[in-house]
Amino acid sequence: MSETGPLEMGEDGHVPLQPQRLEFLPLEPPPVGAARSIDAGVQWLRIPLPMELNHINVWLLDDGDGWLLVDTGMAHDVCRAAWLEIEERALDGRPLRRIFVTHDHPDHMGLAPWLAERHGAAVWMSEYAHRTSGEFLRADPAVLGERVERFLCGHGVEVQPGSWSSRGDHRVWFGGWPPLAHAPADGEVVEAGQGRWQVIETGGHCRGHLCLYDAGRQMLVSGDQVLPTISPNVSVLSSDPDGDPLRAFLGSIDRLLECAPGTRVLPSHGRPFRGLHQRLEDVRAHHLQQLDALRDCCRQPRTAFEVLPTMFRRVPRGFHRLLAVGEAVAHLNFLCSSGDLRRELDGQGVARFVTA
């Protein structure tokens, strides 16, 4: 819980978490098709998205006779149209040489195959993200839907049989599975954009998420791991129902606190800012408050669905309900693995969480 009570989950699945003590860089977001200089060799581009979270920031780094691109936008006509303008107006006639994908969500990697083919670019992403995105894209939508239904039912959500299996092809926002040219390892150094960027692997929002940190200029390309005005979704997935992503997320906060306090953060959504340490501590405090609230709520046995009003001002619908339940289970699993709660299954296989 926040100091003012439960938080409202946005229709994009993220939780608004207002910035505290942040200094936004004095730059307006670039218009579609144009680039805004952040530093020598580092350009900011913005790709529109067809959803409430209506943009993604992507980053161009000088790469010899071409560019290294960080993230791509999703496989949708509005994103492709933006890239046609970028190619004409912002690339100075130079091709993309490398495409660095921070993680395997469609707004970050959806256009990687299309751009790689157009430019002859090499795709870089973590081995885990590449492998699991391939498994996801090859999966039968009906099988995935049935798995989601079992997950939701097991946490107290009333689900109409077949309602998730009939939602359509989950691959619609992906342009396919890109060939992997290189899997950067945690700690590896990437030379581009007139700097040396250390790869920092983080977790919680998703496994295999990669950030880039230039210690010399104190710049962090943070992907979705650090955002200025929303808290990244930290969810248990139906594919890993016993997972503990919140523990991984809090551990990643500790890792990123090793970056300089004055670091300029280049996030995937929102505006670039200074105040990395303050933002990380605010996000950590948010999750610790949620854990405290759930400890109190679960003095009586509760399903994950029953604790949603403790965490959010309203219970979302549809896909956003899945994200909210996943976020609740992430916090409940954390408390179980810490010994604060225990999980009990009833005769129908529904899980309830109660003080241990």
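**Exercise 1.** Find how many bridges join strand S10 to strand S11, and which way the two strands run.

Solution. Step one: locate strand S10 at residues 195-202 and strand S11 at residues 209-214; strands here are DSSP runs of E with at least two residues, helices are H or I runs of at least four, and both are numbered from the N terminus. The model is a predicted one, where local features need pLDDT of at least 70, side-chain atom pairs count only at pLDDT 80 or more, and totals for chains, interfaces and linings use all residues. Residues are numbered from 1 along each chain as its sequence is written, and side-chain values use heavy atoms, with hydrogens and water left out.

Step two: 5 bridges join S10 to S11, and the strands run antiparallel. Two strands pair if DSSP finds at least two bridges between them.

Contact means heavy atoms within 4.5 Å; axes are lines fitted to C-alpha atoms, for helices over the stretch in contact, and angles run from 0 to 180 degrees between N-to-C directions.

**Exercise 2.** Work out which strands stand at the edges of the sheet of 6 strands, and which helices lie across its strands.

Solution. Step one: write down the order, S3-S4-S5-S6-S7-S8, in an open sheet with mixed pairing. Strand S3 (36-39) and strand S8 (122-124) each have a single partner strand, so one side of each is left without a neighbour in the sheet. Neighbouring strands are turned by 30° against each other on average, direction ignored.

Step two: check the end at S8. Strand S7 (residues 96-100) and S8 run parallel and are joined by 3 bridges. Phe100 has Trp124 in S8 as its bridge partner.

Helix H1 (residues 77-89) lies across S4, S5, strand S6 (66-70) and S7, at about 145° to S4. Helix H3 (residues 112-119) lies across S6, S7 and S8, at about 160° to S7.

**Exercise 3.** Classify the ring pair Phe24 and Phe273, and say how far apart in sequence are the parts that the pair ties together.

Solution. Step one: recall the cut-offs. Rings of Phe, Tyr and Trp (its six-membered ring) pair if their centres lie within 6.5 Å; planes under 30 degrees apart count as stacked, over 60 as edge-to-face and the rest as tilted. The whole structure holds 3 aromatic pairs.

Step two: the centres of Phe24 and Phe273 are 6.3 Å apart and the planes are at 65°, so the pair is edge-to-face. Phe24 is in strand S2 (residues 23-24) and Phe273 in strand S15 (residues 273-274), so the pair ties together parts 249 residues apart in sequence.

Step three: compare accessibility, with buried under 20% relative accessible area, exposed over 50% and partly exposed in between (1.4 Å probe, protein chains only). Phe24 is partly exposed at 27%, whereas Phe273 is buried at 0%.
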